Amino acid sequence: MLADTSSRPQSDAAFERAKKVIPGGVNSPARAFGAVGGTPVHMASGEGPWLTDVDGNRYVDFVGSWGPHILGHRHPAVMEAIADALTRSTSFGAPTPAETELAELVAEAVPSVEQVRMTNSGTEAAMSAVRLARGATGRDKVVKFAGNYHGHVDALLVSAGSGALTLGHPSSPGVPAGCTADTIVLDYNDVDQLTAAFEKYPDAIAGVFLEPVCGNMGLVVPTEEFLTALRDLCTRHGALLAFDEVMCGFRVAYGGAQARFGVTPDLTMMGKVIGGGMPVGAYGGPAEVMKHISPVGSVYQAGTLSGNPVAMACGVATLKALRDGDVYERLEALAARLEAGLTDAIEATGTPACIQRVGSMLTLFFTSGPVTNLIDAQKSDVERFARYFHGMLDRGVYLPCSQYEAMFVSAAHTEELIDATVAAAREVLHVI
Ligand code: PMP
């Protein structure tokens, strides 16, 4: 089922060519294999749970374009919707019904959302949500948590997870100190720190931003106590609770982490799954909050290609397939099977590691765990992770190329593929 995929001469050549005209040969650092070494694999096509590289090697895909492909590649209903949209045009710069349809689907599904504004990326959604929180409250300070990533938004690019963490640049040159002077960084799951922040700045915090299931320091779950404290403290102090559900929205449940946990934020950021693999982000909330956004309110935010009709068609078809099928039950069963198999493999090989999972998102941490925040995550043996990653890659399993990411199971995976992946992991864990 899985083959030897270790020979990739055309991929290596494609990367050499790319490096001449694209910084680092990639258009997003998360793809660069910076943390694991070696050459990023150039892909040619995808089908269901499979990726095929430019050399013709086939991999079972647990990256899913970093989350969007919850249905697998080239789902028939999604392909049909895109083809149909293309018969009309690629863009109008004027409203189209598809935008309203996607907004209606989001508002129906996500508890906190009455109104939603589409953007072209998760970064744009987060950037706009920060501006909205500040504009709506008339306050400047924002709280974020170490290891949470909200895109490359200046104000939030402090102790960010994912690529920024992997590359060892918790914040970036080019972000003026003034941009982060109002950003308070706390440890995830730490109620005492959160309480202390509100005591110190009782009337100054515009919003508290977090990933309600964090995927950007590896998969880390919020405690019930933390979620309750977040909601209570924000309400008590007039700050907006802002859930970044770019990764976990429509992934851990149809209505996102807020539906799964029963905690309703004031602002929600989305991306990835809602675009079904097209460049879509979104932010939404109650009409009372969203009324501050231009053209109704005075907080400005815009986008030439926002609500792009082809992207909207892709998003609508994806959400309808998720709403109308038994996808989440299937994802849960497949991911639980993967978790159980990997746990057995860890135990059988005596590997100091643990697995953390919510629904179809999971991380194998090379530390005994549990991992509750960035400090715990950084105890991981990243060199062992790099050997694991390459061992799996050469055996036809495509994983996220960093310890500080989550892998994604799709509804197109099968029990046989999960078992083959576990068998490969057992082999690799044995030799690393
Ligand atoms: N927020 C979260 C939680 C994310 O995981 C990401 C991307 N991985 C972003 C925001 C940024 O989204 P984008 O890459 O589409 O700008």
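## A strand-by-strand look at a predicted model

Strand β2 (residues 50-53) and strand β3 (residues 58-61) run antiparallel and are joined by 3 bridges. Helices (H or I, at least four residues) and strands (E, at least two) are DSSP runs, numbered from the N terminus. This is a predicted model, in which local features need pLDDT of at least 70, side-chain atom pairs count only at pLDDT 80 or more, and totals for chains, interfaces and linings use all residues. Residues are numbered from 1 along each chain as its sequence is written.

**The four-stranded sheet**

W50 has V60 in β3 as its bridge partner. Two strands pair if DSSP finds at least two bridges between them. β2 and β3 belong to an open sheet of 4 strands, in the order β1-β2-β3-β13, with mixed pairing. β1 (43-47) and β13 (397-398) are at the edges; each has a single partner strand, so one side of each lacks a neighbour in the sheet. Strands of a sheet pair through backbone hydrogen bonds, either parallel or antiparallel.

**The three-stranded sheet**

Another open sheet has 3 strands in the order β11-β12-β14, and here the pairing is antiparallel. Its edges are β11 (354-358) and β14 (407-408), each with a single partner strand, so one side of each is left without a neighbour in the sheet. β11 and β12 pair over 5 bridges. Q356 has T363 in β12 as its bridge partner. The two strands form a hairpin with 2 residues between them. G359 in that turn has a positive phi of about 55°.

On the other pairing, strand β12 (residues 361-365) meets β14 over 2 bridges, again in the antiparallel sense. M361 stands opposite F408 in β14.

How many residues of β12 are buried? The count is 5 of the 5, so β12 is largely enclosed by the rest of the structure. A residue is buried if 20 or more other C-beta atoms lie within 10 Å of its own, exposed if 12 or fewer, and partly exposed in between; C-beta atoms are placed from the backbone. In a regular strand the side chains alternate between the two faces of the sheet. Both faces of β12 are covered: M361, T363 and F365 are buried on one side, L362 and L364 on the other.

Helix α12 (residues 327-349) lies across β11 and β12 and runs at about 175° to β11. Axes are lines fitted to C-alpha atoms, for helices over the stretch in contact, and angles run from 0 to 180 degrees between N-to-C directions.

A377 sits in helix α13 (residues 374-377). V113 sits in the loop between α3 (97-109) and β4 (115-119). Both have C-alpha distances to residues well along the chain, listed here with their neighbour counts.

| Residue | C-beta neighbours inside 10 Å | C-alpha distance | Positions apart along the chain |
|---|---|---|---|
| V113 | 28 neighbours | 7.3 Å to T268 | 155 residues |

Two residues are in contact if their C-beta atoms, placed from the backbone, lie within 7 Å. Neighbours within four places in sequence aside, A377 is in contact with G147, M217, G218, V220, F365, V371 and Y404. On the same terms, V113 is in contact with V106, A107, T268, G284 and G285.

**Around the ligand**

Which residues come nearest to the ligand? They are S121, G122, T123, G151 and V246, out of 17 around it. A residue is near a molecule or strand if its C-beta atom, placed from the backbone, lies within 6 Å of it. Helix α4 (residues 122-137) gives the most to this shell, with 3 residues. By class, the shell has 5 nonpolar, 10 polar and 2 charged residues.

**The chain as a whole**

The protein chain has 15 helices and 14 strands. Its C-alpha atoms fill a box of roughly 60 × 55 × 45 Å, taken along the principal axes. Of its 432 residues, 53% are buried. Among contacts with a separation of 6 or more, 75% join residues 24 or more positions apart.

Conventions
Ala, Val, Leu, Ile, Met, Phe, Trp, Tyr, Cys and Pro count as nonpolar, Asp, Glu, Lys and Arg as charged, and the others, Gly among them, as polar.
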